[in-house]
Structures are given as C-alpha cells and as structure tokens.
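Subject: Handing over a structure

Dear colleague,

I am passing on the structure below, and after it you will find an account of what turned up in it. Please read the account with the structure open beside you.

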Amino acid sequence: MEKLTKKEIRGALKNSTKEGVAYNAMVGITDSYTTPFALAIGATDYYIGLLSSIPKLVSSILQPFMGHLIESVGSRKKITIASKLILTLLWLPAGLLFLLPQTHAIFAFLAVLVVYNVAVSTQNT
C-alpha cells in the first residue's frame, strides 16, 4: 500500500472539513424548518410526532442494508452523488405541498422526510 504525502493528507483533511461543514449546514437548515413547515401545511401535534419519528425510524431500519447497496453498486462515490442529487431535488416538490389538500400534504411531506432521511443515511454509511 502506497503512503500518502503530507500534501495529500492536508488536501484530504481540507476536503473532509468542507464536506462536513456543508453537510451540517444542510441538516441544520432542513431539520430546523420541518416542524414550522408541517405546521404551515396544517399538521396537528399527532402528525408532528409522526413527522419527527417515522423518517428516522425507517432510516435506522434501512441502515444495515446500505453496506450491501454500496457493495452491489461497487462505488461509494456513485452512491454519494446519487444521494446528494436526491437531497437537492427532493425539496422542489416539497414546496408544492401547499397545493394539496391538508391530509394529503401531510402524508406527502412524511414521504419526503423518509426519502430525505434515507438519502442522508446513505452518506453516513
């Protein structure tokens, strides 16, 4: 196995730090506004509880299978790029949820949050 030079190590650490900052900004922005957005589309306390718990539960259940997904695809980079693309495009339809009837909007938002949390968990595998 080839040793990395100090310059390569520093570059990798800089890239890792930049990616960590971007990831935390994304999670901080989206997680902070899920409850206010749910309230804006008419969610009750019961639905807020579902919106807070079900996406994280589903992503936790699927986490052990993410390693198999990476092995089957053969590239962590492909999985990361696909999940980042999903995360980026996911919020476009979420902005249109105001057009749906209240109950449909809440369950559609739940689906968006489940996909969001699963995509985030693929990046953490």
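T35 is partly exposed, with a relative accessible area of 32%; here buried means under 20% relative accessible area, exposed over 50%, and partly exposed in between (1.4 Å probe, protein chains only). The C-alpha atoms of T35 and K6 are separated by 45 Å, the two residues being 29 residues apart along the chain.

Before going further, please keep in mind that this is a predicted model, in which local features need pLDDT of at least 70 and side-chain atom pairs count only at pLDDT 80 or more, while totals for chains, interfaces and linings use all residues. Residues are numbered from 1 along each chain as its sequence is written, and side-chain values use heavy atoms, with hydrogens and water left out.

Just after α1 comes G42, which takes a positive phi of about 100°.

The buried residues of α2 are I48, L51, P55, S59, M66 and I70, and they pack against α1, α3 and α4. One of them, S59, counts as buried at 10% relative accessibility and touches N117, V118 and S121, not counting residues up to four places away in sequence, where contact means heavy atoms within 4.5 Å.

Which residues touch the most other members of the largest nonpolar core? Of its 24 residues, these are A38, I41, A43, L51, L97, F109 and Y116; such a core is a set of buried Ala, Val, Leu, Ile, Met, Phe, Trp, Tyr and Cys residues joined through side-chain atoms within 4.5 Å. Each of α1, α2, α3 and α4 supplies at least two residues of this core, and α4 gives the most to it, with 11 residues. L97 touches F37, A105, A108 and F109, again not counting residues up to four places away in sequence.

Turning to charged side chains, a search of the whole structure finds one salt bridge, meaning a side-chain nitrogen of Lys or Arg within 4 Å of a carboxyl oxygen of Asp or Glu. E19 forms this salt bridge with K84, and the closest N and O atoms are 3.3 Å apart. Because E19 lies in helix α1 and K84 in helix α3, the pair ties together parts that are 65 residues apart in sequence. E19 is partly exposed, with a relative accessible area of 39%, and K84 is also partly exposed, at 33%.

As for aromatic rings, the search finds five aromatic pairs in the whole structure (rings of Phe, Tyr and Trp, the last by its six-membered ring, pair if their centres lie within 6.5 Å; planes under 30 degrees apart count as stacked, over 60 as edge-to-face and the rest as tilted). The rings of Y46 and Y47 have their centres 5.4 Å apart and their planes at 70°, so this pair is edge-to-face. Y46 counts as exposed at 57% relative accessibility, whereas Y47 counts as partly exposed at 23%. Ring pairs also link F37, F98 and F109 into a cluster.

With best wishes

Notes: Helices (H or I, at least four residues) and strands (E, at least two) are DSSP runs, numbered from the N terminus.
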